[in-house]
Every structure is written in structure tokens, then in C-alpha cells.
Amino acid sequence: MGSTGLSITDSSVRRNLALLTGRLNSMILNNHPQLLHGAASRLLDTKYFGDSLIYRQRSVLLLELCIKIAVEIRNADLLKKIIEATTMFKIGCPVVDKEKCEWFQGVLKKSYGSDNAVPKLNILEKSIVTAGEEEVATDDLLTMSLKIDRPHAESVVQYKIAQCQKTGMDPRLALQGYREVWWIIVTSVQEGSKVADENFVGATPMIVINPAQKECTFPMKFKAPSTPGKYSYKITIKALEYLGADQNFDIDVNVLDKMSITNEDIEEEDDKKEK
């Protein structure tokens, strides 16, 4: 395989390919009649499942490192692909399409017993402004603010508590380990520019550790463009653990020339002094 000297016949390569194939198809394998029969008959080699668990843990760490690298090199398209690949790996499906999303959402609705159980974020309010100013000027420090609603919060808590009651586990301990990650990715494009001219603005994860949290406000700061004009900030929200929960929307901002605003302010001050 290239200059590494590795071959498909090497045991380490074959082992990793087997584990990767098994993981990406686990949504099928875990419910396969032969596997269920083998488990009931105690015919399964438990070593595979132990090795698979270790493999998953190490692979997720590597994937999360790749996410950080994509952010560092400011590549939005690569970042979105790696987040999607991480989600596929965690859930255990080889592709993200309409069929897989409907299957995943159906599983959640059945498990949680509610149509509101499907994780998603409702954007109630959105804005990009310069703090303390009525206008946005070139090179300003901007603040993007998203007021977010989590309609699935109640269903998640009820499900977690019910599971704890069945096993006799303290619900507080189970809820303490809750972690829900949503990546907020922002790019911008100036009016009249091509989509290829889209600029990477920033990306950061929104991590929910309180499953009962219904609403929250997500702030994100970044610098305004140095060139005045009308800009469309394109926001992508990608879930790290869920299928079919991603969304995209725009926030339009008119960026004024800072020098012209400064000169206008000086003229206004001079007019006041003359009066």
C-alpha cells in the first residue's frame, strides 16, 4: 500500500479493515438473526467485541484530532466531512442518506416514546453585531449570538431516568455523564462573489452537558472583513452523535468602511462645537 510497505495480506491491515467494516455496518450486524442466535447459544468469540471496543475508542480519538486539524487549517469543507465521518463511525453506518436518517430517527422515537425525541436545535433568534454600536464597520470585533431551543430535552431526561430505574442506578450519576456536541461552522461570502470565494470565519463546538437544558444562547466572536460591502454569513450546524439533525442558514450583514464612519463622527463633533 504505497511507500509504507504494508499489504492487504498483512495481519494488522486485515484486522483493522475487519474492525472498520464491522463498525460501519454495526447497525445491520448487531440485529442480524445469525448474530442474535449465536449470542443466545453462547457461540460468539467475546474477544472480537473487546477488541472492537478498544478500536472504537482509539479511532474516535484520532477522528477528533482530525477535526481539530481541519479547524486549524481553516478548511470548512474538510471539517464538515470529518464531522460527518465521525458521526457515521459512532453510530455505525457506512453512508449518510435519507434512508439512514429516517432509520436513526425512528429508533430514537421508538426508544424515547416521543416524536420530540429526535435531537435537533431550533434557532429562535440570530444576529451578528458590533457590541455597543448600531452599525458594523470593517475590522470590528463581531459577536454572533444564537438563541437556541432544544425540543428533545424533556424526552431525553425522561428516557435516562426510566433506564436508571430499570437498572437501579442513581439517575444523577447517569445524567452527569451526558454530553451532546454540536459543531457551529461559520463562513462568509461577499455579495457578487462566487461561492468558491467563500471564506472560513470560525468553528467551535457547542457542548451540552445538562440534558434538561431547554434553551441556551450561543455566542461566537470573530473579526469583520477588511473590505466594506454586503456579506452573507453562512452558518452550518452539525451534530456529532446524531443523523438528520444538521441545518444551514444565513445571516446578512452590511459592513461599512470604518474610515468613513470615523470621519462622519469627527464632522458631527465639529458641528456641535461650532454651535
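User: Taking helices (H or I, at least four residues) and strands (E, at least two) as DSSP runs numbered from the N terminus, how many does the protein have?

Analyst: There are 9 helices and 8 strands. This is a predicted model, where local features need pLDDT of at least 70 and side-chain atom pairs 80 or more, while totals for chains, interfaces and linings use all residues. Numbering runs from 1 along each chain as its sequence is written, and side-chain values use heavy atoms, without hydrogens or water.

User: Compact globule or more spread out?

Analyst: More spread out, because the radius of gyration (over C-alpha atoms) is 25 Å, well over the 19 Å from the globule rule (2.2 Å times the number of residues to the power 0.38) for 275 residues. The C-alpha trace spans about 95 × 55 × 30 Å along its principal axes.

User: Which residues touch the most other members in the largest nonpolar core?

Analyst: Met144, Met206, Tyr233 and Ile235, out of 39 residues in that core. A core here joins buried Ala, Val, Leu, Ile, Met, Phe, Trp, Tyr and Cys through side-chain atoms within 4.5 Å.

User: Nice! Which elements supply at least two residues each?

Analyst: Helices H5 (76–91) and H6 (98–112) do, along with strands S3 (141–149), S4 (180–190), S5 (199–208), S6 (215–223), S7 (229–239) and S8 (247–256). S7 gives the most, with 5 residues.

User: What lies apart from that core?

Analyst: Another core, of 13 residues, including Ala70, Ile83, Ile185 and Leu240.

Technical notes: Buried < 20%, exposed > 50% of the residue type's maximum accessible area, 1.4 Å probe, protein only.
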